[in-house]
Amino acid sequence: MPVTLEQIEEGLGQIKKNMATKTEVVELIDKKIEEGEEERKAAVEEQVNTAEQAITEIKAANDDLANQVKTLVRTRFNSIKTTGNRYNGVWNNHEQARNFGLFVLASVGGNEAAKKTLESQGIETRHITEKAMGEGTLTAGGALVPTEFIPDLIMLMENYGVFRRNTQEYPMPTDHAIAPEVTSGLTVYCPGEGTAITKSDIGLRNVGMTAKKWATLTAISSELTEDSAIAIGELVGRMIARAFAKKEDEVGFLGDGTSTYFGHTGITGALRGVDATIANIKSLVVATGNTYSAIVLADFEKLLGTLPDFAEDGLDVKWYCSRLFYYTVMLRL
């Protein structure tokens, strides 16, 4: 059986009462130390196994990316060109794709030639070096995207993500901000002649907002050269935008406040959080049955019937669902 601190303390107390020897207590302490060493060894082994798995996954992703880059270069970018030989990729033009590719080569791949090419255009490659501030170091892959690329990356996220396209962005001057929210409106009265009007106030509450940093990490082969810059910018830019947009959709629609969603609560999580019993949540309509095939048109009609009057103009009302749900349920009905 594992030795507990309580047993050791009890043994020390028994020594004072001459009910136990020092040797017996020392043996307990030695066993406790041995158990601690075994626990630490097991924890280290687990961390090593996790790291090895992560390295294997990153290497596989890197090999896949390298193969895609080489294919795109080998075909001289045929897949991102129109019949008129014009650029038709995810960026505004091939120069932006090339510059972002050079940034990736310089910042992640450590390519000095790519760095000098960017600097000659006035684009600085910046890195996170303040480890004490929790941002990691260059050797750990910490790199800041220059401001020249940020608007275009955000634009790509809006192209791929559903949640971002349909939400209101709130500017935050710092990492923390407070926004007012109306919780109740004014009350209308009918006072008699010569009677004072009853006062009513708008109900307000403050909503605190804390910015959380999201990041993604990928590996870039050091064998890739500046000739691959357009392909790298095209592929990496697209993958970053898609990864962030997908995560935004998952968090915005499904977030339940757990670590899976970085502690954020999304639409579904907020609705489900109203009451433990779904049937008690007035804003939710429970569909017929527990399978897609059991859902009927009356479920959708009932949902529309719960909408508030201000939503009847149709401007603020949208259906959000997966492709599978649309084609197997909604299209059928």
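**A pocket, the fold and the core**

The second largest pocket has a volume of about 2100 Å³. This is a predicted model. The lining of the second largest pocket consists of 42 residues, and those nearest its centre are T268, L303, W319, Y320 and C321. By class, the lining divides into 26 nonpolar, six polar and ten charged residues. Four helices each contribute at least two residues to the lining of this pocket: α6 (229-254), α7 (267-272), α8 (297-305) and α9 (323-330). Of the elements, α6 gives the most, with five residues. As for how such spaces are found, rolling a probe the size of a water molecule over the atoms shows where empty space is left.

The next step is the overall layout. The protein has nine helices and four strands. Read from the N terminus, the order of elements is α-α-α-α-β-β-α-β-β-α-α-α-α. Taking the contacts between residues at least 6 apart in sequence, 56% join residues at least 24 apart. The accessible surface of the protein comes to about 23400 Å², and carbon and sulfur atoms account for 55% of that area. Of the 333 residues, 24% count as buried.

Which residues touch the most other members of the largest nonpolar core? They are V69 and F100, in a core of 32 residues. At least two residues of this core come from each of α2 (22-74), α3 (94-107), α4 (112-120), α5 (150-160) and α6. The largest share, eight residues, is supplied by α6.

The surroundings of F100 can be listed in detail. Neighbours within four places in sequence aside, F100 is in contact with W91, F149, L153, G233, V236, G237 and I240.

One further residue of α6 deserves a look, namely E234, which lies in that helix. Is E234 buried or exposed? E234 counts as buried because its relative accessible area is 0%, and the cut-off for buried is under 20%. Leaving aside neighbours within four places in sequence, the contacts of E234 are L72, I80, Y87, G89, V90, W91 and A97. W91 is in contact with F100 and also with E234.

Technical notes. Residues numbered from 1 in each chain as written. Predicted model: local features only at pLDDT ≥ 70, side-chain atom pairs only at ≥ 80, totals over all residues. Heavy atoms only, no water. 1 Å grid on protein atoms, 1.4 Å probe; cavity = no way out; pocket = protein on both sides within 12 Å on 5 of 7 lines; lining within 4 Å. Points joined across faces, edges and corners; volume = space filled by probe spheres on them. Nonpolar A, V, L, I, M, F, W, Y, C, P; charged D, E, K, R; others polar. Buried < 20%, exposed > 50% of the residue type's maximum accessible area, 1.4 Å probe, protein only. Contact = heavy atoms within 4.5 Å. Areas by Shrake-Rupley, 256 points an atom, 1.4 Å probe, with all protein chains shown as cover. Core = buried A, V, L, I, M, F, W, Y, C linked by side-chain atoms within 4.5 Å.
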